Amino acid sequence: ADDGLGVQSWTGICADELASQCRFTLSDDQQVAVNFADAAPLTVSVLSQGQVNSQPAGIDCNAAGGSCTEHFVLGTTVRLQAQPADDHGLLRWTEDCARFISNLECDLSLDQARSATAQFGELFDARIVVSGNGEGDGSGSVIGCEAAEVDTAPCQETYIEGRRVEFTASPQAGNEFLGWG
């Protein structure tokens, strides 16, 4: 479609298509028609390992490129779906999807030109072990990793590269926090 126009509907063999392209195998005489309406562009960028697809179809984008811009008819609600690669997670959405933070889906109403960036990061494990020594009984816990108490199994959580992680040492009465090691 030309800038400012998007596919509103198809007829004939493409009647069920919602995207700007209709593909079929020609095996007989066929008629196809397309109806255009005012549209706005949606542009998607992907940082790191993952891809973003849209519903209705039209966006199929990864860091190397692909279909990253599509014109959708004004008023269309487009759902962007982030799909992290193996051993990666969605760190954040930015631009028009920023309010969806790290939710894998972002719904946008195309009432004007929109853009979104999905930033993925590698997954890493953080392992917390609580140990005690000194005059107290060594009891306490780590807030943010509740299972990590003295003489319990270590707490292990998986975090996305670039995500801020915060743990707080919480010694019980008669004990003090001596440091991270």
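In what order do the elements of the protein chain run from the N terminus on? They run β-β-β-β-β-β-β-β-β-β-β-β-β, and the secondary structure comes to 0 helices and 13 strands. The model described here is a predicted one, and every value below was computed from it. The protein chain has 181 residues, of which 33% count as buried, and its accessible surface comes to about 11,100 Å², with 44% of that surface belonging to carbon and sulfur atoms.

**Contacts along the chain**

- Among the contacts between residues at least 6 apart in sequence, 61% join residues that are at least 24 apart.

**Disulfides**

- The structure holds 2 disulfides, and a disulfide is, in general, a covalent bond between the sulfur atoms of two cysteines.
- One of them is formed by Cys61 and Cys68, whose sulfur atoms are 2.0 Å apart; the link of Cys61 and Cys68 is right-handed, with 90° about the S-S bond, and both of these cysteines are buried.
- Another joins Cys97 to Cys106, with an S to S distance of 1.9 Å, and the link of Cys97 and Cys106 is left-handed, with -85° about the S-S bond.
- Cys97 has a relative accessible area of 0% and is therefore buried, and Cys106, for which the relative accessible area is 0%, is buried too.

**Salt bridges**

- The count of salt bridges in the model comes to 4.
- Glu105 forms a salt bridge with Arg79, in which the closest N and O atoms are 3.4 Å apart; because Glu105 lies in strand β9 (residues 105-109) and Arg79 in strand β7 (residues 77-84), this pair ties together parts that are 26 residues apart in sequence.
- Glu105 counts as partly exposed at 30% relative accessibility, and Arg79, at 32% relative accessibility, counts as partly exposed as well.
- Beyond that pair, a network of salt bridges links Arg79, Glu105 and Asp107.
- Asp96 and Arg114 meet through their side chains in a salt bridge of 3.7 Å, N to O; since Asp96 lies in the loop between β8 and β9 while Arg114 lies in strand β10 (residues 114-128), the pair ties together parts that are 18 residues apart in sequence.
- The side chain of Arg114 also meets that of Asp111 in a salt bridge, at 2.6 Å, N to O.
- With a relative accessible area of 17%, Arg114 is buried, whereas Asp96 is partly exposed at 25% and Asp111 counts as partly exposed at 49% relative accessibility.

- Phe72 has its place in strand β6, which covers residues 69-73.
- Is Phe72 buried or exposed? Phe72 has a relative accessible area of 4%, so this residue is buried, given that buried means under 20% relative accessible area.
- Leaving aside neighbours within four places in sequence, Phe72 is in contact with Asp38, Ala39, Ala40, Leu42, Ser54, Pro56, Ala57, Ile59, Val78 and Leu110.
- One of these residues, Ala57, is 15 residues from Phe72 in sequence, and the two are 9.8 Å apart in space when taken from C-alpha to C-alpha.

**His88 and its surroundings**

- His88 is found in strand β8, which covers residues 88-95, and with a relative accessible area of 17% this residue is buried.
- Which backbone oxygen lies 2.9 Å from a polar atom of the side chain of His88? That backbone oxygen belongs to Asp86.
- Not counting residues up to four places away in sequence, His88 touches Ser48, Gln49, Gly121, Glu122 and Leu123.

- Ile13, Phe24, Leu26 and Val32 make a nonpolar surface patch of about 350 Å².
- Phe24, one of the residues in this patch, lies in the loop between β1 (5-12) and β2 (32-47).
- Phe24 has a relative accessible area of 38% and is therefore partly exposed, whereas Phe72, with a relative accessible area of 4%, is buried.

Definitions and conventions: Residues are numbered from 1 along each chain as its sequence is written. This is a predicted model: local features need pLDDT of at least 70, side-chain atom pairs count only at pLDDT 80 or more; totals for chains, interfaces and linings use all residues. Side-chain values use heavy atoms; hydrogens and water are left out. Helices (H or I, at least four residues) and strands (E, at least two) are DSSP runs, numbered from the N terminus. Buried means under 20% relative accessible area, exposed over 50%, partly exposed in between (1.4 Å probe, protein chains only). Contact means heavy atoms within 4.5 Å. A polar contact is a pair of N or O atoms within 3.5 Å; within protein, one must be able to donate a hydrogen and the other to accept it, and residues adjacent in sequence count only if both atoms are side-chain atoms. A disulfide is a pair of cysteine sulfur atoms within 2.5 Å. Patches are made of residues with over 30% relative accessible area and no salt bridge: like charges are joined within 9 Å, nonpolar side chains (Val, Leu, Ile, Met, Phe, Trp, Tyr) within 5 Å. Accessible areas come from the Shrake-Rupley method with a 1.4 Å probe; for residues, only the protein chains shown count as cover.
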